[in-house]
Amino acid sequence: MAEETKAPSASAGASHGESRPERSGGDRPERSGPPRGPRPGGGPGGPREGGRKFFRRKKVCKFCVEKIEAVNYKDVRLLAQFVAESGKITPRRLTGVCTPHQRRLSRAIKQARNIALLPFAGRAQ
Amino acid sequence: MNRKYELMFIVRPDMVEEDLNKLISTLESSVSSAGGTAKSEVWGKRRLAYRVGKFNDGIFVLMMIEATGATIHEVERRLRVTEPVIKFLTVRTDEELKRIDKIKKLRDAKKKVSAHPAPAAAPITPAAPEATTETPATAPV
């Protein structure tokens with residue numbers, strides 16, 4: 001037990017200073033000792049706690065959610081949501097669009113560019 | 001074999017409406033004379049996303065054509081020859097429409113399937129009525 005409680009305090013001391021870890025080390029086991037029993041075990045996994053703080057919402061494919069089947073080059077407003085300001089097609093990893101829809105989307109964007117509905121580069125004037 | 005196409009073209013912004021109508025009607029007649037059907041709508045003047053030649057905007061026209069590939073070829077040739085036409089784009093849509101129809105049908109079928117067995121399942125398993133009533137309630141949502 002002693003080792004487990006010390007581990008997080010040591011990591012906190014590294015970041016804040018040397019005077020604090022004594023207080024926090026004293027407070028923690030009293031308040032959150034019993035319910036957090038298993039967690040200090042993961043204490044050495046300090047970065048894991050940090051990962052929890054940045055809770056990232058899972059991205060979902062807009063086309064699947066809203067059930068948009070037809071991705072058409074004429075729908076400029078829809079396509080413009082997936083084009084960066086530079087005129088580039090936004091990658092899937094940023095928008096969360098699923099692969100089949102991204103395929104159709106990119107085709108539609110390219111068609112729209114050809115007919116001057118979307119810019120090849122830069123913003124539409 | 002007739003296929004469905006979408007043909008969009010842009011004409012220069014200073015084109016007179018009469019000339020535009022004449023152009024559209026000649027295109028339509030050339031399609032219909034080859035045994036196809038054409039329906040056109042004029043979007044009107046729009047800003048171009050980039051400069052084309054010396055134009056910053058143009059009049060957009062969309063034509064829904066159902067015709068053979070050879071007819072489309074002929075129409076495209078005409079557009080290329082016609083001077084006021086700045087740009088055009090032809091897209092074949094029949095496959096896409098077929099796919100969408102298929103998905104729609106599938107979805108409708110699923111809705112019907114999920115609607116029917118829910119009441120049928122309840123009387124069969126009266127032992128666990130709570131479980132059976134809960135599942136259909138959550139499924140449509």
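## Two chains, two layouts

From the N terminus on, chain B runs β-α-β-β-α-β-α-α-α. That comes to five helices and four strands. Helices (H or I, at least four residues) and strands (E, at least two) are DSSP runs, numbered from the N terminus. Chain A has seven helices and zero strands, in the order α-α-α-α-α-α-α.

This is a predicted model, in which local features need pLDDT of at least 70 and side-chain atom pairs count only at pLDDT 80 or more, while totals for chains, interfaces and linings use all residues. Residues are numbered from 1 along each chain as its sequence is written, and chains are lettered from A and ligands numbered from 1 in the order in which they are written.

## Burial and contacts

A residue is buried if 20 or more other C-beta atoms lie within 10 Å of its own, exposed if 12 or fewer, and partly exposed in between; C-beta atoms are placed from the backbone. Buried residues make up 14% of the 125 residues in chain A. In chain B they make up 16% of 141 residues.

Two residues are in contact if their C-beta atoms, placed from the backbone, lie within 7 Å. Take the contacts between residues at least 6 apart in sequence. In chain A, 64% of these join residues at least 24 apart. In chain B, the share is 70%.

## The sheet of chain B

Four strands of chain B form an open sheet in the order β2-β3-β1-β4, with antiparallel pairing. Two strands pair if DSSP finds at least two bridges between them. The edge strands are β2 and β4 (85–92), each pairing on one side only. Neighbouring strands are turned by 20 degrees against each other on average, direction ignored. Helix α2 (residues 69–81) of chain B packs on this sheet and touches β1, β3 and β4. The direction of α2 makes about 165 degrees with that of β4(B). Axes are lines fitted to C-alpha atoms, for helices over the stretch in contact, and angles run from 0 to 180 degrees between N-to-C directions.

Eleven bridges join β2(B) to β3(B). One bridge partner pair is B:K39 and B:M64, the latter in β3(B). The two strands form a hairpin with two residues between them. In the turn, B:G53 has a positive phi of about 65 degrees. Nine bridges join β1(B) to β3(B), again antiparallel. B:L7 stands opposite B:M63 of β3(B).

## Where the chains meet

In all, 13 residues of chain A are in contact with 14 residues of chain B. The side of chain A that touches chain B has nine nonpolar, three polar and one charged residues. Here Ala, Val, Leu, Ile, Met, Phe, Trp, Tyr, Cys and Pro count as nonpolar, Asp, Glu, Lys and Arg as charged, and the others, Gly among them, as polar.

The largest nonpolar core has 34 residues. Such a core is a set of buried Ala, Val, Leu, Ile, Met, Phe, Trp, Tyr and Cys residues joined through C-beta atoms within 7 Å. A:I109, A:A112 and B:L7 touch the most other members. Helix α7 (99–114) of chain A gives two or more residues to this core. So do β1 (3–11), α1 (17–33), β2 (37–52) and β3 (55–67) of chain B.

## Residues to find in chain A

A:A112 touches A:Y73, A:V76, A:L79, A:L117 and A:L118, not counting residues up to four places away in sequence. A:A116 lies in the segment after α7. Its phi is near 65 degrees, a positive value in a residue other than glycine. A:A116 counts as buried because 25 C-beta neighbours lie inside 10 Å.

A:L78 sits in helix α5 (residues 76–80) of chain A. A:L78 counts as partly exposed, with 17 C-beta neighbours inside 10 Å. A:L78 and A:I109 are 31 residues apart in sequence and 9.9 Å apart in space, C-alpha to C-alpha.

## A strand residue and a helix in chain B

B:R3 lies in strand β1 of chain B. B:R3 is partly exposed, with 16 other C-beta atoms within 10 Å. B:R3 touches B:G69, B:R92 and B:D94, not counting residues up to four places away in sequence. The C-alpha atoms of B:R3 and B:E95 are separated by 9.1 Å, although the residues are 92 apart along the chain.

Helix α3 (residues 94–115) of chain B has 22 residues. From first C-alpha to last, α3(B) reaches 31 Å, close to the 32 Å expected at 1.5 Å a residue. The expected span is 1.5 Å times one less than the number of residues. α3(B) is hardly covered: its count of buried residues is zero.
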